[in-house]
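The sequence and structure follow.

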Amino acid sequence: MHLNHDPDAPAASEIAFDDFLRVDIRIGTIVDAAPFPEARKPAFKLTIDFGPAIGVKKSSAQIVDRYRIEDLPGRQVAAVVNFPPRQIGKYMSEVLTLGFADTDGAVILFAPDRAVPNGSRLF
């Protein structure tokens, strides 16, 4: 599922600006985090509030290497909210939580450096 994490990899092929606009990336606040022991790769189940227009959505996130489950509620994260839901084991992930690989390949969550309203869209 993940693309090449090599920071020295060349840029992906060029896309039109309209293609970028079709990807709806929003900010939400994690309201709950739970273990996901059934996942093939270690992950947490996240419940994220994206505000009144999008609502509360679920996501599976492979972030166990760098985050403690008890530190996640209250944290803002970015996610793609207009992909179709994806079945991950018995869990239905409704949004794709975004992150970057660190030098060890562990996922670091992508988030604003200051609080913004839930539902704010990346532009």
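Asp24 is found in the loop between helix H1 (17-22) and strand E1, where helices (H or I, at least four residues) and strands (E, at least two) are DSSP runs numbered from the N terminus. The model is a predicted one, in which local features need pLDDT of at least 70 and side-chain atom pairs count only at pLDDT 80 or more, while totals for chains, interfaces and linings use all residues. Residues are numbered from 1 along each chain as its sequence is written, and side-chain values use heavy atoms, with hydrogens and water left out.

**Selected residues**

Asp24 counts as buried because its relative accessible area is 11%; the term means under 20%, with exposed over 50% and partly exposed in between (1.4 Å probe, protein chains only). Its side chain is joined to that of Arg26 by a polar contact of 2.6 Å. Such a contact is a pair of N or O atoms within 3.5 Å; within protein, one must be able to donate a hydrogen and the other to accept it, and residues adjacent in sequence count only if both atoms are side-chain atoms. Leaving aside residues up to four places away in sequence, Asp24 touches Ala79, Val80, Val81, Asn82 and Arg121, contact meaning heavy atoms within 4.5 Å.

Thr29 belongs to strand E1. The side chains of Thr29 and Asn118 form a polar contact of 2.7 Å. Beyond four places in sequence, the residues touched by Thr29 include Thr47, Ile48, Asp49 and Gln76.

Pro112 lies in the segment after strand E9 (107-109). Its contacts, not counting residues up to four places away in sequence, are Ile27 and Gln76.

| Residue | Relative accessible area | Class |
|---|---|---|
| Asp24 | 11% | buried |
| Thr29 | 16% | buried |
| Pro112 | 29% | partly exposed |

**Nonpolar cores**

In soluble globular proteins, nonpolar side chains tend to be buried together. A nonpolar core is here a set of buried Ala, Val, Leu, Ile, Met, Phe, Trp, Tyr and Cys residues joined through side-chain atoms within 4.5 Å. The largest one has 15 residues, and Leu46, Ile48, Ile63 and Leu72 have the most contacts inside it. Two or more residues come from each of strands E1 (25-35), E2 (44-49) and E4 (76-80), and E2 gives the largest share, three residues. A second, separate core of five residues includes Ile25, Ala78, Val80 and Leu98.

**Enclosed and open space**

On a 1 Å grid over the protein atoms alone, a cavity is a set of points where a 1.4 Å probe fits but cannot get out, and a pocket is an open set with protein on both sides within 12 Å along at least five of seven lines; lining residues have an atom within 4 Å of a point. The largest cavity holds about 30 Å³ of space and is lined by Phe20, Leu21, Val23, Ile25, Arg121 and Leu122. A volume is the space filled by probe spheres set on the points, which are joined across faces, edges and corners.

The second largest pocket has a volume of about 150 Å³. Eleven residues line this pocket, with Gln62, Asp65, Gly105, Ala106 and Val107 nearest its centre.
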